[in-house]
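Have a look at the model first, then read on.

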Amino acid sequence: MKPEIVIFPDPQTLAQEAADRFVQLARAKVAEGDRLSVALSGGSTPAPLYRRLAQAPLREAIPWQRVHLFWGDERCVPPQHPESNFGRAKEILIDHLSIPAGNVHRIRGELEPEAAALACAVGLHAFFGRAWPRFDLVLLGLGADGHTASLFPGSPILEETTRSVVPVKAQYQGRPAWRVTLTLPAINAARQVIFLVTGASKADVLQTVLMGPQTLPAQRVRPKSGQLTWLVDAEAARLIREHLPLTVEV
Ligand code: 6PG
């Protein structure tokens, strides 16, 4: 399936589209009598999306009792730590929802990295009832160095083929070094993967990822039998917008 690339004038309209897609997906899964499994992205980019999902009218439009929240990666810090991806999502989104506690599957960053990864893997296996998780939706951000989740350039875990979630140590913008991350096979098993990319600081890396040599971790996100979508704003798309015929401008 060809990646879908959609350019938005600003982060707010991008967040609205991402939120609308989230609602549609959740309602479609519930209409099928199923539940929605989503791996949330960390970092700052998804915050406007999470805020929209936490507010009326979208909050009431989503059947949260049938939505299960996971994380694509987590920093190895306690949930109350300001750098916790779960902690941030809890503050912006989860605390505003009537979602059952059992539907929130945080990665236990307070544990030692290997123990946190193992606990996460046990939880994924219990939820999906199979060796590999198959998320309905994985939300991802893009680092200025081309990383996504906690899959960084040159990391040996990029070649991981047997574990769905692993501990990793990486330096990026002064953020906590030890992390736990989904691996590429786990991400690429998803039904849908949506990258959210905003801001001028991502223009160079987005051009490389979408048009350059295949050298960066984000370029290895290729869902085996799922849809890959890039929702990007005009600032991040500055260097690609006139080059990609598949690009849709909103
Ligand atoms: C994390 C994220 C990471 C993030 C990118 C982009 O835990 O930090 O998983 O992959 O999505 O680094 O971060 P920003 O959205 O803050 O630019």
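1. The shell around the ligand (residues with a heavy atom within 4 Å of the molecule) has 10 polar, five charged and three nonpolar residues. Here Ala, Val, Leu, Ile, Met, Phe, Trp, Tyr, Cys and Pro count as nonpolar, Asp, Glu, Lys and Arg as charged, and the others, Gly among them, as polar. Out of the 18 residues in that shell, Thr 45, Asp 73, Ala 149, Arg 175 and Lys 202 come nearest.

2. A word on provenance: this is a predicted model, where local features need pLDDT of at least 70 and side-chain atom pairs pLDDT 80 or more, while totals for chains, interfaces and linings use all residues. Numbering runs from 1 along each chain as its sequence is written, and side-chain values use heavy atoms, leaving out hydrogens and water.

3. Check the polar contacts (pairs of N or O atoms within 3.5 Å). Ligand oxygen atoms are 2.7 Å from a side-chain N or O of Arg 75, 2.9 Å from one of Asn 85 and 2.7 Å from a polar side-chain atom of His 147. The protein buries 96% of the 410 Å² that the ligand exposes when taken alone (Shrake-Rupley areas, 1.4 Å probe).

4. Where does the ligand sit? It is in the second largest pocket, going by the rule that more than half of its atoms lie within 2 Å of the pocket's grid points. A pocket here is an open set of points on a 1 Å grid over the protein atoms alone, where a 1.4 Å probe fits, with protein on both sides within 12 Å along at least five of seven lines; lining residues have an atom within 4 Å of a point.

5. Among the 25 lining residues, Gly 42, Gly 43, Leu 142, His 147 and Arg 175 are closest to the pocket's centre. By class, the lining has 13 polar, seven nonpolar and five charged residues.

6. Two backbone spots deserve a look. Ala 56 and Pro 57 are joined by a cis peptide bond, with omega about 0°. Ala 149 is not a glycine, yet has a positive phi of about 50°.

Technical notes
A polar contact is a pair of N or O atoms within 3.5 Å; within protein, one must be able to donate a hydrogen and the other to accept it, and residues adjacent in sequence count only if both atoms are side-chain atoms.
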